[in-house]
Amino acid sequence: MNEITRSAAGSKPEAGSMPEWELRFRAPRVGLPEWAEDAPHHSLFVSNVTGTYELYAWDRTSGGRRQVTDRPNGTTDGALSRDGAWVWWFSDTDGDEFGVWMKQPFDGGEDVPAAPGLDPSYPAGLALGPGGLAVIGRSTDEEGTTIHVVRPGAEPREIYRHPESAGVGELSEDGTLVVIEHTEHGDAMHSALRVVRVEDGSAVAELDDTEGGQHALGLDGLGFAPVPGDTRLLVGHQRTDRWLPMIWDVATGEETALAVDLPGDVHAEWYPDGSALLVVHDFHARSEMFRYDLAAGTLTPLETPPGSVNGATARPDGTVEYLWSSAAQPPAVRSTDGAVVLEAPGLRAPDSVPVEDVWVDGPGGRVHALVQRPANAEPGPLPTVFEIHGGPTWHDSDAFAAGPAAWLDHGFAVVRVNYRGSTGYGREWTDALKHRVGLIELEDIAAVREWAVSSGLADPSRLVLTGGSWGGYLTLLGLGIQPESWTVGIAAVPVADYVTAYEDEMEPLKALDRTFFGGSPQEVPERYEASSPLTYVDRVTAPVYISAGTNDPRCPIRQIDNYVERLRALDKPHEVYRYDAGHGSLVVEERIKQVRLELAFALRHVGG
């Protein structure tokens, strides 16, 4: 098997000729390797070592690594068969997220359809079990969600269908049961769990904390116990004010609470022998790990540096591998035995600067913001970038990000706001955005902006509002609702015209929007109008920069074109960059081009 190589290294500039912000994007990265349950020496990971994010197979016994996928717009969705013999990967068209599963032998060979007979769709989960068993979730505008069982040499067999969004969860160890995470109750933010028999789709058990959609309480299937015949399912729940794990025996219905007394959201997964749980605790934008012994009910810390854990897995030998970074230090795949597990050859990303924590009183409670100041900067006031995260059910953390580091290198302070709607600050904080979509987030951003100016950090005449996806949406909405607050707006893959976006987006996002707004645009038109950037475009005074993927199924291009046409008709200063991909790009040089254009636009209008 071939080692990873930089296929276009000769055409890339040498490190000494590149600014540090470009080095951070070009430096090869590797993701956290997953491993085959019955062949743990076979692993799969994502890397950008060729300049495009693709899937790589890694034989830990021989040390050999080889590139599995090679597509112009990259590939990141993949999985290993349980026996480690096959790599599954999702084949879409230029980032449109609509396609079919393919598979390739682990040691190399021809790609073949993994589920012949299933038409293209949006993916809705994948679970791979013993004997080549696969359970595949599909989503289409016409059918809603369907789930199919696929066995070698047999036609796919449908075991589930519903117009609302759903997804495939985990398989039991023996492959007889599968979890379906569904939103048949109509609340796409809070899933219920149904365990069904793989053989015929008949129901075994149901757990619905929403009680038919009456309560905003979600559930998350985290995996069956890794013991044949064991019917215990690890479940994440929101019965308190945050995510916590419990164990649910789907055969008896017994629920067992776990003695995990931690203040933030808790995610857990089984150790391979089933004796303990690996716990990752997220609190105030940072992470820590623990081992929870099931017999003793004890929680033991696993030492990690201060920062963020973006994925962790317990290995059969009892060690834990995890992907770690901080705002100041680039990501690394580490092990609790002290070793660096996996790293890519070539350039190393330069360090950046650490974050400062700021808490600001907002209209809905204290708002947490992460603040970075340029190295060796004057005290201020400074040109300042408010970089708004997407999701919206996500949060900024003390983790390495090349985008904010680029702004810092150009003399800007960077402020990131975990507004209401963000995860990690309790269930009520996350759920608060419903029905006043976009508007409450902007209230929190405004409160942090006021602090940034009054504290002397930010120059009020040189403020950039920017973000991607939901952050791009909030950027355009903020430019219209708060026109006097911002000097420049830079929106990547945004929602710009909410009604048209709803018409064109993929079906699971339609369901999510109905949850956010309390109905469709036909049912609650006034809410969509109040939350759509297009409604306020005539009030925009700041220069606007928009970048968009022409194949984006999440923030489709037609609604962006509608907004841009209104800017043009109103003679508002703006620039638009369209590129041939979906919801963002997996090609490093394309991403650098986009950041270069964004920086140039801001520097022309704000200075640095």
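Guide: Two residues are said to be in contact, or to touch, when heavy atoms of the one lie within 4.5 Å of heavy atoms of the other. The model under discussion is a predicted one.

Residues up to four places away in sequence being left aside, H42 touches E34, W35, A36, W58, D59, L80, G84 and F106. H42 counts as buried because its relative accessible area is 11%, and the cut-off for that class is under 20%. Two polar approaches of its side chain can be described. One is directed at the backbone: the side chain of H42 comes to 2.7 Å from the backbone oxygen of G84. G84 is also among the residues that H42 touches. The other approach is between side chains, where H42 and H41 form a polar contact of 3.5 Å.

A second residue may be set beside this one. G365 is located in strand 30, which covers residues 365–372. With a relative accessible area of 29%, G365 is classed as partly exposed, since that class lies between 20% and 50%. Under the exclusion of residues up to four places away in sequence, G365 touches V360 and W429. Between G365 and L570 there are 205 residues in sequence, and their C-alpha atoms are 38 Å apart in space.

Burial can also be followed along an element. Helix 2, residues 402–409, is mostly covered, with seven of its eight residues buried. Those buried residues are A402, G403, P404, A405, A406, W407 and L408. Just after helix 2, the backbone at G411 adopts a positive phi of about 90 degrees.

The aromatic rings come next. Over the whole structure, 18 aromatic pairs are found. One of them is formed by F517 and Y528, whose rings are stacked, with 3.9 Å from centre to centre and 20 degrees between the planes. This pair links distant parts of the chain, F517 lying in helix 7 (residues 507–517) and Y528 in helix 8 (residues 525–531), 11 residues apart. F517 counts as buried because its relative accessibility is 0%, and Y528 is likewise buried at 0%. Another pair, Y545 with F601, is tilted: the centres are 5.5 Å apart and the planes 45 degrees apart. Here too distant parts of the chain are linked, with Y545 in strand 35 (residues 544–549) and F601 in helix 10 (residues 588–605), 56 residues apart. Both Y545 and F601 are buried.

The account ends with open space. The second largest pocket holds about 370 Å³. Its lining consists of 19 residues, and P330, P331, A332, E343 and R348 are those nearest the centre. By class, 13 of the lining residues are nonpolar, two are polar and four are charged. Strand 27 (332–335) and strand 28 (340–342) each contribute at least two residues to this lining. Strand 27 gives the most, with three residues.

Methods: Residues numbered from 1 in each chain as written. Predicted model: local features only at pLDDT ≥ 70, side-chain atom pairs only at ≥ 80, totals over all residues. Heavy atoms only, no water. Buried < 20%, exposed > 50% of the residue type's maximum accessible area, 1.4 Å probe, protein only. Polar contact = N/O pair within 3.5 Å; in protein donor to acceptor, adjacent residues only side chain to side chain. 1 Å grid on protein atoms, 1.4 Å probe; cavity = no way out; pocket = protein on both sides within 12 Å on 5 of 7 lines; lining within 4 Å. Points joined across faces, edges and corners; volume = space filled by probe spheres on them. Helix = DSSP H or I, 4+ residues; strand = E, 2+ residues; numbered from the N terminus. Nonpolar A, V, L, I, M, F, W, Y, C, P; charged D, E, K, R; others polar. Phe/Tyr/Trp six-rings, centres within 6.5 Å; stacked < 30°, edge-to-face > 60°.
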